[in-house]
Each structure stands twice: as structure tokens, then as C-alpha cells.
Amino acid sequence: MTDLRVTTIRGTDMVLDEAAVQGFQTSLRGPLLCPGDAGYDEARTVWNANIDKRPALLARCAGVADVINAVNFARTHHLLVSVRGGGHNIPGNCMCNGGLVIDLSRMKGIRVDPARRTVRAEGGVKWGEFDHETQAFGLATPGGTDADTGIAGLTLGGGIGWLSGRYGLACDNLIAADIVTADGQLRHVSASEHPEHP
């Protein structure tokens with residue numbers, strides 16, 4: 001690995017030295033990909049084939065600790081950041097040129113609580129995967145019209161789906177979320193906990 005040219009939040013270029021990138025890579029449980037690495041082109045590909053962005057760093061997060069480390073690294077180095085959930089994102093905002101992509105697509109945990117009629121799901125889950133788990137218990141949530149759409153992006157964008165006419169938008173059915181804020185803090189957000197965070 002050599003020094004790496006990256007884009008900052010101000011849109012300017014700068015160089016990250018090899019030691020900084022190696023330190024970041026060591027802090028992650030999931031892989032960190034750079035241009036030229038095996039799997040880089042596949043990881044930067046999204047559903048909309050017209051999107052051809054080339055991030056300098058692609059952190060394929062394996063869990064919340066990786067997300068926190070990626071946010072902290074980006075803040076320390078003033079990096080341009082985008083976040084990829086399911087990767088269906090039509091306008092391609094989940095990818096960035098020259099910055100850091102915090103890639104949640106490998107975070108696929110889903111836990112259905114049939115007694116409470118709730119589901120906990122990680123940011124890389126797609127609606128088809130979500131529906132597969134909930135339907136085993138006779139449950140459903142308003143989601144997207146395409147099984148390949150990620151639950152995170154669709155829900156945060158409102159979320160119109162087949163059940164919306166009767167049960168509202170996906171966002172209307174979100175009761176809580178775990179988020180990592182720009183200062184690298186994990187927050188559990190709900191109507192009663194940290195309601196100031198959107």
C-alpha cells in the first residue's frame with residue numbers, strides 16, 4: 001500500500017499517508033478496500049448501473065464498532081463520506097468520489113420478536129430478506145415495492161410500499177433506531193430516548 005489521495009469535506013484533495021490508512025484498516029473487523037484491491041470494483045457497484053463513483057476508501061463494516069471507527073477516522077481526516085445500506089440507491093448518493101464509503105451492506109442481522117410484534121434489523125438488510133424473516137411469524141411491515149431495496153435508505157426516505165395505503169409509510173412504523181452520530185457516539189433514538197436526534 002502507498003499514500004492515498006482522498007477528497008475532503010471541502011471538496012479539496014489531500015494525501016493520507018500509508019501509516020494512517022494501515023492504522024484504520026487494523027481498527028476494522030471488516031475489510032477496508034482501496035482502488036486496485038481485489039473486490040473493490042464489486043463493492044463500489046450499486047443497483048443503478050449508471051452510477052460509476054470511485055471512493056478512495058470503502059469500509060465494509062462488520063458491526064457497530066467498525067461504523068464508529070469509520071466515522072471517527074473520517075472526522076479526524078476531514079474526509080468526504082457517504083453511507084451505503086442496501087445499495088439500491090437510484091441517484092447513487094450512497095457512493096462518493098474520492099472519499100470514504102461506510103458500507104453497511106454486510107450487516108444483515110434480523111431478529112423478530114413475535115410476542116411484541118417488532119423486528120430489529122441492521123442497516124445492510126434488504127426488504128426481501130426482512131420480509132422472509134417476518135413472514136415466518138405472520139408479520140409484515142410497510143416497506144418497498146422491490147425486494148432488492150435496502151430497509152435503511154427506504155425507511156429514512158419515507159418509504160412507500162404495497163402496505164402503505166393501509167398501514168402508513170415505513171418511517172411511520174419505525175419505533176427506534178441505533179445511530180452513530182458525527183462525533184462517533186452510538187445513540188439509541190426513540191420518542192423517549194434522545195428525541196432530539198432525527
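In the predicted model, the side chains of Arg 84 and Asp 103 form a salt bridge with an N to O distance of 4.0 Å. This pair connects distant parts of the chain, since Arg 84 belongs to strand β5 and Asp 103 to strand β6, 19 residues apart. Both Arg 84 and Asp 103 are buried, and for Asp 103 the relative accessible area is 0%. Asp 103 also meets the side chain of Arg 60 in a salt bridge, at 3.0 Å from N to O; here again distant parts of the chain are linked, with Arg 60 in strand β4 and Asp 103 in strand β6, 43 residues apart. Arg 60 has a relative accessibility of 14% and therefore counts as buried, the cut-off being under 20%.

Across the whole structure, a search finds 9 salt bridges. One of them joins the side chains of Arg 44 and Asp 52, with an N to O distance of 2.6 Å. The two partners are described by separate burial classes: Arg 44, at 9% relative accessibility, counts as buried, whereas Asp 52, with a relative accessible area of 48%, is partly exposed. Both residues belong to a network of salt bridges that links Asp 41, Arg 44, Asp 52 and Arg 54.

Strand β5, which comprises residues 81-84, also contains Ser 82, and this serine counts as buried at 5% relative accessibility. The side chain of Ser 82 reaches the backbone oxygen of Cys 94 at 3.1 Å, while a polar atom of that side chain lies 3.4 Å from the backbone nitrogen of Cys 96. When residues up to four places away in sequence are not counted, the residues touched by Ser 82 are Asn 93, Cys 94, Met 95, Cys 96, Leu 100, Val 101 and Ile 102.

Helix α1, spanning residues 18-27, has Ala 20, Val 21 and Phe 24 buried. These residues cover an arc of only 95° around the axis, and they are therefore placed on the same side of α1. On the other side of the helix, Ala 19 and Thr 26 are exposed. The elements against which the buried residues of α1 pack are β1 (4-7), β2 (13-16), β3 (32-33), β4 (57-60), α3 (64-77) and β6 (100-103).

In helix α4, the residues Trp 127, Phe 130 and Thr 134 are buried. Viewed down the axis of α4, the buried residues fall within an arc of 60°, so that one face of the helix is lined by them. The cover over these residues includes β7 (110-113), β8 (118-121) and α5 (151-156). Asp 131 lies in α4 as well, within residues 127-135, but is partly exposed, with a relative accessible area of 25%. The C-alpha atom of Asp 131 is separated by 22 Å from that of Gly 63, the two residues being 68 apart along the chain.

Strands β7 and β8, both included in the cover of α4, run antiparallel and are joined by 4 bridges. Arg 111 stands opposite Arg 120 in β8. The hairpin formed by β7 and β8 has 4 residues between the strands, and within this hairpin Arg 117 adopts a positive phi near 60°.

Conventions
Residues numbered from 1 in each chain as written. Predicted model: local features only at pLDDT ≥ 70, side-chain atom pairs only at ≥ 80, totals over all residues. Heavy atoms only, no water. Helix = DSSP H or I, 4+ residues; strand = E, 2+ residues; numbered from the N terminus. Buried < 20%, exposed > 50% of the residue type's maximum accessible area, 1.4 Å probe, protein only. Polar contact = N/O pair within 3.5 Å; in protein donor to acceptor, adjacent residues only side chain to side chain. Contact = heavy atoms within 4.5 Å. Arc of directions from axis to C-beta. Pairing = 2+ DSSP bridges.
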